[in-house]
Amino acid sequence: MFKTNEERRRARFWHRLFTGAEAADRLRFLTLNSSDESIVLGIDVLKSFSKLVKRMRRKYGVFEYFGVVACDENEPLREHIHVICKGEFMAQREIEDMWIGVHKSIKPYIEAVDDVDAAARYIGNYLNTQSYRVRKYIISSGWVFKGWVSWSKWFKKHYGVYPDKMYPGILAKLARMSKSERDEFIINKLVKMEGLL
């Protein structure tokens, strides 16, 4: 059992990160920085990221993410975003052009994630590192599947445990399905298992 709200928050963070990562065919690590110009102009990095996500989805289709908006304690105005994302191949140059367009800043960094654990630990370090200030944790609604948090809470309320405790890996399995397949599986198979209905 968790002793503090902080322990509960950390557990949720790790569970969401790994569940979504397990359901992905391809993962990338993306870092977006602020520039002197964006700071002087007072451009909010989170609003810029929201615009970037819309452009990425128009250009590449699927773009789901999990990450943090943070800054160094010594430079509180110079915020940056670190995310693990999934979706189609994204060209570095095109991402640079998009980020310049929305945030007046260059040098976004993107690379393929070969070691999900290492990438997750890198993002997770923001939970522990004292020299960084985390403004916000960000997660797209499709990182696992839309509605998975409320469905997991419903499951726990009715059956006393979260779905992954009763059926390890079930959330990642459901995330790989289409919505219609997932609905059919949940209603016709999963909930009927072991007399749940």
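In this predicted model, Lys86 sits over the face of Trp143, at 4.6 Å from the ring centre. Lys86 also belongs to the second largest pocket, where Ala23, Ala24, Val62, Lys86 and Ala175 are the lining residues nearest the centre. That pocket has a volume of about 410 Å³, and 17 residues line it. Sorted by class, the lining of the second largest pocket comprises 8 nonpolar, 2 polar and 7 charged residues. Rolling a probe the size of a water molecule over the atoms is what shows where empty space is left.

The chain as a whole can be described next. Its secondary structure comes to 9 helices and 5 strands. Read from the N terminus, the elements follow the order α-β-α-α-β-β-α-β-α-β-α-α-α-α. The chain has 197 residues, and 42% of them are buried.

A pair of aromatic rings is described by the distance of the centres and the angle of the planes. How many aromatic pairs does the structure hold? The count comes to 7 aromatic pairs. One of them joins Phe63 and Tyr65, with 6.0 Å from centre to centre and 35 degrees between the planes, a tilted arrangement. Phe63 counts as buried because its relative accessibility is 1%, under the 20% cut-off. Tyr65 has a relative accessible area of 13%, so this residue is buried too.

Another pair is made by Trp151 and Phe155. Their ring centres are 5.5 Å apart and their planes meet at 55 degrees, so this pair is also tilted.

A disulfide is a covalent bond between the sulfur atoms of two cysteines. How many disulfides does a search of the whole structure find? The search finds 0.

The backbone has two lysines to note in one loop. Lys104 lies in the loop between helix H4 (92-103) and strand E4 (109-112), and Lys107 is placed in the loop between H4 and E4 as well. For Lys104, phi is near 55 degrees, a positive value in a residue other than glycine. Phi of Lys107 is near 65 degrees, again positive in a residue other than glycine. Are these side chains exposed or partly exposed? Lys104 has a relative accessible area of 38%, so this residue is partly exposed. Lys107 reaches 61% relative accessibility, which is over the 50% cut-off, and therefore counts as exposed.

Methods
Residues are numbered from 1 along each chain as its sequence is written. This is a predicted model: local features need pLDDT of at least 70, side-chain atom pairs count only at pLDDT 80 or more; totals for chains, interfaces and linings use all residues. Side-chain values use heavy atoms; hydrogens and water are left out. A disulfide is a pair of cysteine sulfur atoms within 2.5 Å. On a 1 Å grid over the protein atoms alone, a cavity is a set of points where a 1.4 Å probe fits but cannot get out, and a pocket is an open set with protein on both sides within 12 Å along at least five of seven lines; lining residues have an atom within 4 Å of a point. Grid points are joined across faces, edges and corners, and a volume is the space filled by probe spheres set on the points. Ala, Val, Leu, Ile, Met, Phe, Trp, Tyr, Cys and Pro count as nonpolar, Asp, Glu, Lys and Arg as charged, and the others, Gly among them, as polar. Helices (H or I, at least four residues) and strands (E, at least two) are DSSP runs, numbered from the N terminus. Buried means under 20% relative accessible area, exposed over 50%, partly exposed in between (1.4 Å probe, protein chains only). Rings of Phe, Tyr and Trp (its six-membered ring) pair if their centres lie within 6.5 Å; planes under 30 degrees apart count as stacked, over 60 as edge-to-face and the rest as tilted. A charge sits over a ring if NZ of Lys or CZ of Arg is within 6 Å of the ring centre and within 35 degrees of the ring normal.
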